[in-house]
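Dear colleague,

Please find the structure below, handed over for your further study. A short account of the findings comes after it.

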Amino acid sequence: MTRAAAITLIAALGLLLLAAASLAAGSVWLTPSQILHAFAADKTDLARLIVVELRLPRLVLAMLIGAALGLCGAVLQGLLRNPLADPALLGISSGAALGAVIAIYFGLTAQFAYAAPVLGLVGALGAAGLTFLFGRGGTLSLILAGAAVSSLAGAGLSLALNLAPNASGAYEIMTWLMGSLTDRSWDHVILAAPFMVAGAAILLTTGRSLDALSLGETQAESLGIDLNRLRLLVLIGVSLCVGAASAVAGAIGFVGLVSPHLVRPFVGHQPSRTLLPSALFGAALLTAADIGSHLLRYNGVEIKLGVFTALLGAPFFFWLVVRLPRTAP
Amino acid sequence: MSLLAVDGVTVLRGGRAIVEDASANFERGAFVAVIGANGAGKSTLLSVLAGLLRPDQGEARLDDRPMADFDRRALARRRAYLPQNPRCEWPLPVERLVGLGLTASLPAFGDFSPAMRARIDRAIHDCDLDSHRLQPATTLSGGELARAMLARALVSDPEVLIADEPMAGLDPRHALDTMQRLRTLARSGVLVIAAVHDLTLAARYCSHILALRQGRIAAHGPMAQTLTSGLMRDIFEVEAMVQGQGDAARVDFTASPQG
Amino acid sequence: MRVMSMNACTDQLVLLLLPLERIASVTYLAERSAVTPQLAAKARGVRVNHGLAEEMLADRPDLVIAGRFTTPAARRMAQAAGAPLLIVDSADTFDAIRATTRQVAAAAGETERGEALLQRMDATLAALKASAPQRRVTAIAWDGSGRVPGRASLFNEILEAAGGVNLAARPGQFQSSLDLEQLLALTPQPQLLLYGSPDAAQPGLALEAVRHPVLEHAYAGRRLAVPEYACGTPEAANQALALRRQLQSAAAR
């Protein structure tokens with residue numbers, strides 16, 4: 001068995017274990033047998049309500065969003081040949097969150113349920129377009145453009161919540177900027193999944209082109225890669241994934257940054273081979289962070305998911321920053 | 001019928017002609033050195049020849065068919081292109097890097113076929129990279145990386161190889177080695193067109209020469225007849241001495257005519 | 001003497017105690033947080049401020065009433081403008097309501113009107129107590145934000161006066177927040193689930209949580225929307241009376 005296959009298998013197994021743990025983790029303690037029986041229980045049974053209606057959609061969302069972000073990170077890093085590329089760092093998540101917040105806080109979702117993911121998609125497209133447009137001069141300019149787009153979207157987010165009729169907007173902006181999976185339902189899964197699946201399908205077709213891009217843009221073009229088409233595909237795929245993810249869970253950071261780095265050494269650094277394992281790792285990371293947010297409580301108050309992804313991601317980011325001058329051109 | 005041709009090619013950038021009214025034919029088995037001063041339009045002409053750049057006027061043709069009519073992948077299967085100082089951005093193992101040369105022949109998913117693996121093995125062997133197969137490309141020395149890139153270009157068995165200064169940054173031994181390989185390739189029937197700075201090396205190894213002066217083709221023909229002191233003076237605006245032929249050829253610059 | 005209020009809750013006291021011509025201004029939140037429709041109508045006829053120090057110079061009040069969290073700049077400006085500044089704490093209990101009402105009434109020179117309001121409040125409270133139901137309905141307030149009003153809250157005070165029991169205020173049961181899982185697993189289950197926050201009716205995360213399908217299953221027919229009790233005023237007794245009627249008709253269903 002190759003190392004690539006081994007790491008994929010390990011990630012898949014780990015994800016299964018985490019999924020089982022996630023069903024068991026919650027603010028209400030349920031025994032394993034209660035959890036198992038919940039699936040067959042009566043519709044009004046408490047364990048069933050908790051496991052099937054609360055924990056399962058939350059788990060499914062964590063895995064879907066984690067996988068989508070892990071995949072987006074791997075594709076963006078491959079496309080930009082930049083180890084710091086990530087939907088959150090490039091401002092795409094904030095743009096998507098802005099779109100989703102407008103849809104939710106101005107009541108558009110009441111008229112059209114898909115308003116949140118659709119506006120999330122529009123926000124993501126806008127933000128990604130801006131970052132790509134202004135960040136063409138290498139790693140530094142890309143990160144700066146991402147930071148600028150992030151703060152622009154953050155300002156738009158504050159403005160939207162400011163103008164929204166809802167008075168708790170200021171408090172809830174935190175949720176959107178940090179990301180949260182609390183109290184999600186199957187409705188959210190149904191809302192977001194089609195977008196993320198479509199986006200992931202698009203992104204998975206880019207593997208060959210990303211490989212060729214390892215040789216730089218001119219060589220990739222000489223190998224028959226249509227760079228403009230590739231950029232468009234990535235833009236659409238990432239926006240579909242991140243737009244839908246942010247519409248139901250806010251801007252979740254670092255998963256897309258960390259996952260590709262974790263798998264890259266095991267797959268010989270070949271971009272196409274990082275895609276699937278990175279998605280699996282992203283799913284595992286977000287599921288683990290979600291379990292953490294369930295288990296660790298401070299004074300009975302749940303610690304937000306975003307805190308965990310940040311605790312996980314920020315030190316890693318620092319490590320990358322320190323290491324980058326030595327690896328980057 | 002020529003394998004590759006440019007016909008009245010003009011490339012404009014910012015209103016200025018980088019390449020102007022260039023017409024030339026290239027045959028199988030030729031090893032053409034493209035020479036010229038800095039900014040004479042060598043890289044631009046090579047990009048047009050490779051079908052990577054569409055000229056503002058005129059056209060490039062492969063097998064008498066306009067380059068623009070070719071599907072990107074179909075073109076990629078027939079010609080290989082090496083830019084100046086090619087780099088590998090990820091620490092890919094050498095065999096994976098070489099395999100990238102087959103991108104245009106691969107399906108969207110799935111791995112190399114046994115026949116492709118055999119071609120990769122041969123390209124690695126031909127470029128003396130057997131002991132570096134699994135080494136990350138980013139840890140290769142300059143000469144090794146140049147060989148790996150050459151193997152990447154050769155693995156697809158191209159009919160045309162276009163290389164922009166393949167010896168840039170190489171020490172004399174590796175520069176000689178690269179020229180040797182390109183000549184062998186040309187002798188096996190491939191059309192090799194390379195921008196070359198070292199005129200002595202060009203004189204010794206190349207079969208043809210194409211000289212550019214301010215975007216125009218100043219001369220194009222077999223090495224022995226075309227490479228003259230007069231041409232050198234015309235192109236580089238310095239006094240030059242062209243001596244000998246074949247492996248004994250030498251080009252020396254003495255001083256600029258103005259003193 | 002003209003009075004300027006710089007806090008949404010002191011707005012209510014000022015509007016209750018003073019005639020229109022003696023109110024220099026109330027905050028822009030006064031109408032939205034009005035405890036009765038009459039007060040909302042009255043607030044529309046008054047100048048509006050945004051809690052800014054500059055407005056103090058424009059409104060030229062003789063007395064500035066502010067909450068505990070009014071900005072230090074506004075306090076300094078009140079001093080500079082020469083208007084006395086009265087700091088009024090928020091009132092979470094009927095005792096606190098009596099204290100703050102008397103405090104504001106005394107400072108504004110409306111002691112009699114203040115006492116009259118409090119007498120009416122106490123009469124209503126006494127009537128509520130006399131007609132208290134035998135079996136008190138258990139309830140919990142949950143507005144989707146996860147924050148649940150417990151023992152030290154105006155909600156708790158009004159619910160008790162209305163004849164209900166706040167499950168989040170029972171000894172050992174106190175919790176400042178509940179997520180959906182805990183809400184489903186509460187033992188004993190509350191008879192009613194109250195939505196008290198106006199935010200729960202506005203589009204937003206809270207509304208999404210309130211509309212969670214699992215609540216439709218678990219609390220079908222046991223949900224009740226109530227006004228938000230943000231400010232403790234003498235009107236709290238009437239609010240308790242209204243809640244009593246709501247609870248009774250909900251229990252009768």
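The model is predicted: local features need pLDDT of at least 70, side-chain atom pairs count only at pLDDT 80 or more, and totals for chains, interfaces and linings use all residues. Residues are numbered from 1 along each chain as its sequence is written, while chains are lettered from A and ligands numbered from 1 in the order in which they are written. The scores are ipTM 0.90 and pTM 0.85.

Contacts between chains

Two residues are taken to be in contact if their C-beta atoms, placed from the backbone, lie within 7 Å. Two pairs of chains are in contact, and of these chains A and C share the most contacts. Chains B and C have no contact, and their closest C-alpha atoms are 41 Å apart. Between chains B and A, 22 residues of chain B meet 19 residues of chain A. Helix α2 (residues 72–78) of chain B contributes the most to chain B's side, with four residues; helices (H or I, at least four residues) and strands (E, at least two) are DSSP runs, numbered from the N terminus. That side of chain B comprises 16 nonpolar residues, one polar and five charged (Ala, Val, Leu, Ile, Met, Phe, Trp, Tyr, Cys and Pro count as nonpolar, Asp, Glu, Lys and Arg as charged, and the others, Gly among them, as polar).

The sheet of chain B

In chain B, four strands form an open antiparallel sheet in the order β2-β1-β4-β5, where two strands pair if DSSP finds at least two bridges between them. Strands β2 (16–26) and β5 (65–66) of chain B each have a single partner strand, so one side of each is left without a neighbour in the sheet. Strand β1 (residues 4–13) of chain B is joined to β2(B) by seven bridges, and V6(B) stands opposite A24(B) in β2(B).

The domains of chain C

Chain C is divided into domain 1 (3–124) and domain 2 (137–252), with bounds from an automatic or database domain assignment. Their C-alpha centres lie 28 Å apart. The contact involves 21 residues from domain 1 of chain C and 15 residues from domain 2 of chain C.

Yours sincerely
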